[in-house]
Structure formats: C-alpha cells, structure tokens
Amino acid sequence: MDKIKKVQPLSESTKWREDFPVDEVKEHFIERREFTKFLLLISGSFVVGQLYIGLQNFFRKSAAQLPIKKIAAIDSIQVNNFITFTYPDKGDTCLLIRLSETKFVAYSNKCTHLMCPVIPKMEEKQLYCPCHAGYFDMTNGSPLAGPPPRALARVKLKFHNGDIYAEGMAI
Ligand code: FES
C-alpha cells in the first residue's frame, strides 16, 4: 500500500521566499574587488578635481599679468634712502629702497601679519612693523622677529633708460 505523504501548505511568507529566492547575506556582501573599484573611483575623482583646480589657477595667474609702471628716475633716490609708491593699484603702497649704488629692492609695505604698514629703519637695514613689533630683513624681505609669518611681497623691478619700473609681484 502506497503511503501518501501529506504535504503541509506553505505559509504565505515561505511561499514568497520560494518564488523569489534572495540570499540576504550574499546580497549585502561586498567583495574586495568591488570595494577596491569604489576606492579607485573616489581617488580618481579627487585627483581629477585637484588637477582641474591647479590648471585653473595656472591659467588665471598667467592671464592676470600686472602692468609695467614707472616708479622713479634712478638718480632721484640716494643710496640708503627710500621712496613710497603705489603698485599695482592705487591703494597698494610699496617701498623702493636703494641699498647701494647698484642695488635696489622694492616691497609691498603691508606687514604679512595683519597688514599694518612697515617702516624702513635704514641704519639697521630692517623694516619695522609698529603694530606688534615685527621685523623684516631689508635686503630680502624675510621676517626676522615678531609675529609676521612670511616675507614681504616683493615688487619685481626693471631698469630702463635711467628709470626704474615695477613689472610684477613675487609673493
Ligand atoms: S601687523 Fe605687523 S606685526 Fe602684527
């Protein structure tokens, strides 16, 4: 006599699982290869973004050429003396200093700490900021003492037919 096995009816939730067999553990498992791909994608995007910003800065700088501007006649400044001038804009005051018969230097006179105007001390060959007692080396603009974190912005000079010109900034 055949035995008839009685089949239990599937409950609703079990039936659904049988029709759509989804292995949840497998579904949420991320393989090492996938994770590496994800990291490479993120890193690649970062590198592309940095390159884009770098190129933008490069082209912006080369497009923003500063004007060439006459400052003074060479003979109008005596050795161990200085004059003030504005460059590149009217509000940007600078100092042109004659260190010797043949050596001139020019700087923005804005202190690199909090932008106070610096004052030349010709005897000490220093530039002094009275706001917080900052000192700069007059021969190269580098900070010597006090809070200024970096050198003064230097004005590039050009000499032509007995005159001195400003032709850009070196920061
Ligand atoms: S602003 Fe020049 S030292 Fe502070």
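**Figure 1. The largest pocket of the predicted model****.** Sorted by class, the lining comprises 10 nonpolar residues, together with two polar and two charged ones.

**Figure 2. Setting of Thr112 in the loop between β4 and β5****.** Strand β4 spans 104-108 and strand β5 spans 119-121, and Thr112 is located in the loop between them. The relative accessible area of Thr112 is 11%, so this residue counts as buried, the cut-off being under 20%.

**Figure 3. Contacts of Thr112****.** Leaving aside residues up to four places away in sequence, Thr112 touches Phe136, Pro148, Pro149, Arg150, Ala151 and Leu152. With Arg150 there is also a polar approach: a polar atom of the Thr112 side chain lies 2.6 Å from the backbone oxygen of Arg150.

**Figure 4. The chain surrounding the close-up views.** Three helices and 10 strands make up the secondary structure elements of the chain, and their order along the sequence is α-α-α-β-β-β-β-β-β-β-β-β-β. Of the 171 residues in the chain, 26% are buried. Residues at least 24 apart account for 38% of the contacts between residues at least 6 apart in sequence. The accessible surface of the chain amounts to about 12,900 Å², with 58% of it belonging to carbon and sulfur atoms.

Notes. Residues are numbered from 1 along each chain as its sequence is written. This is a predicted model: local features need pLDDT of at least 70, side-chain atom pairs count only at pLDDT 80 or more; totals for chains, interfaces and linings use all residues. Side-chain values use heavy atoms; hydrogens and water are left out. On a 1 Å grid over the protein atoms alone, a cavity is a set of points where a 1.4 Å probe fits but cannot get out, and a pocket is an open set with protein on both sides within 12 Å along at least five of seven lines; lining residues have an atom within 4 Å of a point. Grid points are joined across faces, edges and corners, and a volume is the space filled by probe spheres set on the points. Ala, Val, Leu, Ile, Met, Phe, Trp, Tyr, Cys and Pro count as nonpolar, Asp, Glu, Lys and Arg as charged, and the others, Gly among them, as polar. Helices (H or I, at least four residues) and strands (E, at least two) are DSSP runs, numbered from the N terminus. Buried means under 20% relative accessible area, exposed over 50%, partly exposed in between (1.4 Å probe, protein chains only). A polar contact is a pair of N or O atoms within 3.5 Å; within protein, one must be able to donate a hydrogen and the other to accept it, and residues adjacent in sequence count only if both atoms are side-chain atoms. Contact means heavy atoms within 4.5 Å. Accessible areas come from the Shrake-Rupley method with a 1.4 Å probe; for residues, only the protein chains shown count as cover.
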